[in-house]
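Please walk me through this structure, one selection at a time. I have the viewer open and want to know what to pick next and what is there.

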Amino acid sequence: MSVYISSTGHFLPGPAVSNDEMESVLGFVHGKPSRLRRRILQSNGIQSRHYAIDAQHRTLFSNSQMAAKAAEDCLANSFIGKPQLTMLSAATSQGDLVLPGFGSMVQAELQLADVELHTCHGICSSSMMALKAAYTALLAGEHSTAMVVASELTSRLFKARRYEVAGAELDFNAEFLRWMLSDGAGALLLESRPRAGSFRIDWIRSFSHADAYPVCMSVGQAPNENRSWQDYPSYAEAETAGALLLRQDVRVLDAIVKLGVDGYLRLIAQGLIQPDEIDHVLCHYSSHYFKSKIFDMMQQAGVGLAEDKWYSNLYHRGNTGCASIFIMLDEFRRTQSYQPGDTILCMVPESGRFNTAYMQLTVMDAY
Amino acid sequence: MSEQITTEMAQQGLQALMRVWFDFERQLGRVPLLQRLQRGQFSIDDYQKLLLHWRQQVIEGSRWISRCASSFDRHYSDVRSAIIGHARDEHRDYEMLEQDFVAAGGELVVMHAASRANNIGSEALHGFIMYRASQPNPVDLVGAMWIIEGLGQKMASSWAGQIEQATGCDSSCTRFMRYHGSQDEHHMQELYQLLDRVCNNAEQLAAIVRTAKVVARLYCLQLEEVEHG
């Protein structure tokens, strides 16, 4: 039994927003331009992105609406319709509501009847976890179709007012992701039968290292505080304390590159990855982070991945958190050239508390 | 010796050593003292204690590397030359560490009175490495150098800055830690050369990886014991 990705879809809200336009959408904190914006953008290399909010901070598309639009785009490119879908697996880092699960809201939006539902909560790797749940459900023979959708609406966390309410000074860790993340959704259709040009899932594996590393990317805790946002007497006090800002602890960020390589080497040792046989590499990360010493080391160790094999649309579609890898795979599938039998390696190293996910795909015949 | 890794056996050796290193970093992430350093809850007393315990390791380090060099026979005279060079470069590093200790408010008499036996991790690490270094042609010690070199880079690239930030002391207190980072590129090249030279068969590869793992584990033990000694 094999499982295939037989269709893909995406949704990116509104027009592309350039580096120079983004602050006028997100807003000037205390009316002043950011002093870090240029530096952070230079380091992440992103040139344009999309936002589901406008400059008046009205939400034009909710997170579940974006997810539904990506799923509909995916279905429109497929051989099946909504009635044939029996499973929905959805991922996001933050739904529109705290409860119920994001999947329920997406299902309602999509008007899907009677599906088995799975909601996956996490950061960038949650899409891969949602995909794995659907993949294993098909492998177990319990379903023959599943829609997997990942969506992010992080711009709501970046409105200028959020930072103003949380106090005077903006620290680097709180501002880092403001110039990194943006909105969008991606969807994959899984089927237990191959279609022309579908991608077979060879395996999905992940390794989590939360036991050995501190939290690196978070919402819900103020700096130097052990309390959760829910432990404050009122939610307003949590916000004032800065507990609701999205933060990245940049000091520990470099661990993610090492752990990404660590997982890659484990999979080589397990015989799942043969570096010479990889034709395309899709990685949810700004590629220049990887042009570091460790990649020289990988070359020395004979397991380097040639630069011309790497594909990314991160620089133009933005870093959309867990949706990124699906949006990347969708655009790769529609715009890049590949041959039946080609092997695609997808990698999602997540810095939340260090979970690294990997997937290998094989391009099927056109029939 | 080649400047690059040229053989498949040495490439496999490097892959395995990279994994040992990543695992070692995770082990370090579980050491309470280093967890506190990570959180910024690390005092000048903690730093003094760390240096006090580290000193013995640095002193012994210059001894085992000399012993290691003398255990290579004439078939490995090129390796011996490389290791003698290394020993010469580093055998008085502990003096820099002592100056850091004083700059951080420590008293030299206290440091000189300290003994290796205060830290059972140092005791075990020293015992193991000296035993290996005394074997004929101890090629497996490349595994030990891999861990110790990596640790030097980690001290320079993250610990030194974190210590300065947490304790409020300036870079005059962290010269030993920072010095190691400045030698990065050069030392990495040397390690690649050595690995390419001495990792020639499956047996040597296994020995190198095993020694790297043991040294990593004992280093962690030494760091855990800093707070017990």
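Is Asp114(A) buried or exposed? Keep in mind that this is a predicted model. Select Asp114(A) and look around it: 8 other C-beta atoms lie within 10 Å, so the residue is exposed. A residue counts as exposed when 12 or fewer such atoms are found in that range. Asp114(A) sits in the loop between α4 and β5 (116-121) of chain A. Check its backbone too. Phi is near 65°, a positive value in a residue other than glycine. Most residues other than glycine have a negative phi.

**Further along chain A**

Go to Phe354(A). Its phi is also positive, at about 70°, and it is not a glycine. You will find Phe354(A) in the loop between β13 (343-350) and β14 (355-363) of chain A. Phe354(A) counts as buried, because it has 27 C-beta neighbours inside 10 Å. The cut-off for buried is 20 or more.

Now select Leu99(A) and Pro100(A). The peptide bond from Leu99(A) to Pro100(A) is cis, with omega near 5°. Most peptide bonds are trans. Pro100(A) belongs to the loop between β4 (87-92) and α4 (102-110) of chain A.

**Where the chains touch**

Show both chains. On the chain B side, 15 residues are in contact with 16 residues of chain A. Color helix α1 (residues 8-28) of chain B: with 9 residues, this helix gives the largest share of the side of chain B that touches chain A. By type, that side of chain B divides into 5 nonpolar, 5 polar and 5 charged residues.

Stay on helix α1 of chain B and pick Met9(B), which lies in it. Met9(B) counts as partly exposed, because it has 16 C-beta neighbours inside 10 Å. Leaving aside neighbours within four places in sequence, Met9(B) is in contact with Cys199(B), Asn200(B), Asn201(B) and Leu205(B).

**A helix pair in chain B**

Select helix α3 (residues 44-70) and helix α7 (residues 120-133) of chain B. They pack at an angle of about 5°, with their axes 9 Å apart. That angle makes α3(B) roughly parallel to α7(B). Show side chains at the contact. From α3(B), the residues include His53(B), Glu60(B) and Trp64(B). From α7(B), they include Leu125(B), His126(B) and Ile129(B). The residues of this contact divide into 6 nonpolar, 5 polar and 2 charged.

Next, pick Asp45(B), also in helix α3 of chain B. Asp45(B) counts as exposed, because it has 12 C-beta neighbours inside 10 Å. Asp45(B) and Ala104(B) are 59 residues apart in sequence, yet 8.8 Å apart in space, C-alpha to C-alpha.

**Last stop: a helix with a buried face**

Select helix α4 (residues 77-90) of chain B. At 1.5 Å a residue, its 14 residues should span 20 Å, and the end C-alpha atoms are 20 Å apart, which agrees. Which residues of α4(B) are buried? Val79(B), Ile83(B) and His86(B) are. Look down the axis of α4(B): the buried residues fall within an arc of 55°, so they line one face of the helix. Turn to the other side of α4(B), where Ser77(B) and Gly85(B) are exposed.

Methods
Residues numbered from 1 in each chain as written. Chains lettered and ligands numbered in written order. Predicted model: local features only at pLDDT ≥ 70, side-chain atom pairs only at ≥ 80, totals over all residues. Helix = DSSP H or I, 4+ residues; strand = E, 2+ residues; numbered from the N terminus. Expected span 1.5 Å × (residues − 1). Arc of directions from axis to C-beta. Contact = placed C-beta atoms within 7 Å. Nonpolar A, V, L, I, M, F, W, Y, C, P; charged D, E, K, R; others polar. Axes fitted to C-alpha atoms, helices over the stretch in contact; angles between N-to-C directions. Parallel < 35°, antiparallel > 145°, perpendicular 65-115°, else oblique.
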